[in-house]
Amino acid sequence: MSGSEAIDFTIKVVRSRHVDRAQRYALSPLTRFTSQDNADREAEIAESTLKLIEQWRDRVYVLRSEGWKRPTGKNLIYTLNCPPIGVLTDKKTRPCNQYAVCPFCWSRHYVQETFDALKYAYFSRDAKRPLPLDLVEVTATELLPTDEWNLHGLFQFIQEHRAEFLREFLPNEGAFQLYTIEPSDPRDRSRSPHWKFQQRVLAMIDPLQEDPPTKGEYVGQRRVVRRHHGVTRKKLGMAVGRTCLYPTQMMRGPKAAVVELLERKRAWGGTGFRMSGYYGLLRNKSQRQREA
Ligand SMILES: [Zn+2]
């Protein structure tokens, strides 16, 4: 299905740094590995990466035909040939930056950036001894019927309430917060169509501080809290991979809903609206890059 604009990648190396593992974990809803053996596993990762590139290309064409205005022209070439994550290939291409939907850019934009920010915050002062702060993962999920909630209402909700949870329930030294919205799985016949709305947080907190509440303030909200004492790079990778799990239905879900989501978000983006943010010790991206 991919047009002539698509180039063939050959995977040269499968990388296994903590950040690569975190990125692969974040995309695991779209891929499946079964092998335990190392050599087999690398072959499996390479194969599934090539498969994901094809799936992504198919998705780009499907979403465009449904009315996704981006990407066009040169950007379409970048989007079809967006460099995969966790591997080295024989081609040098430019990331498409469509991180709301492109699985590879999602991984770079959220997983890699957040992992780098946390690693810098915990380990830049002393490479062996991390900052003595616990790491807390919070994921809250709400399923909102589409006949009651429209995207405008959801974006407005995010804009007006984004700082509340962290301020009231999770005072921190540094935090990353990401909101995601995805359509419901059309195969799930047990519920009427809904938006899956998630708030995902990683926060660095005092070891003596209490966990945030697992009960949400809205009806039906599920909140999962995980806490890590004695942070290591490996634990950081796992926490980031889990928190930044790719919203599967952006690739698999109903195309009309996904396009509506992308187009509306783009319109809101023009007003400075953002779905994610870094706070406190995790904010200092420019300093991190200067010292890298
Ligand atoms: Zn991309």
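**Exercise 1.** Start from this result: helices α1 and α7 are roughly parallel to each other, because angles under 35 degrees count as such. Find the angle and the contacts behind it.

*Background.* This is a predicted model: local features need pLDDT of at least 70, side-chain atom pairs count only at pLDDT 80 or more, and totals for chains, interfaces and linings use all residues. Residues are numbered from 1 along each chain as its sequence is written.

*Solution.*
1. Take α1 (residues 18–26) and α7 (residues 233–243).
2. They pack at an angle of about 20°, with axes 8 Å apart. Axes are lines fitted to C-alpha atoms over the stretch in contact, and angles run from 0 to 180 degrees between N-to-C directions.
3. List contacts, meaning C-beta atoms, placed from the backbone, within 7 Å. On the α1 side, H18, V19, R21, A22, Y25 and A26 take part. Their partners in α7 include L236, G237 and V240.

**Exercise 2.** How do the axes of α4 and α7 cross?

*Solution.*
1. Helix α4 covers residues 103–123.
2. Its axis and that of α7 come within 10 Å and cross at roughly 145°.
3. Check the contacts: V111, T114, F115, L118, K119 and Y122 in α4 meet R233, L236, G237, V240 and G241 in α7.

**Exercise 3.** Which residues of α9 are buried (20 or more other C-beta atoms within 10 Å of their own)?

*Solution.*
1. Helix α9 spans residues 255–269.
2. A257, V258, L261 and L262 are buried.
3. Look down the axis of α9: the buried residues fall within an arc of 135°, so they line one face. The arc uses directions from the helix axis to the C-beta atoms.
4. These buried residues pack against α2, α5, β4 and α8.

Methods: Helix = DSSP H or I, 4+ residues; strand = E, 2+ residues; numbered from the N terminus. Expected span 1.5 Å × (residues − 1). Buried ≥ 20, exposed ≤ 12 C-beta atoms within 10 Å, placed from the backbone. Contact = placed C-beta atoms within 7 Å. Parallel < 35°, antiparallel > 145°, perpendicular 65-115°, else oblique.
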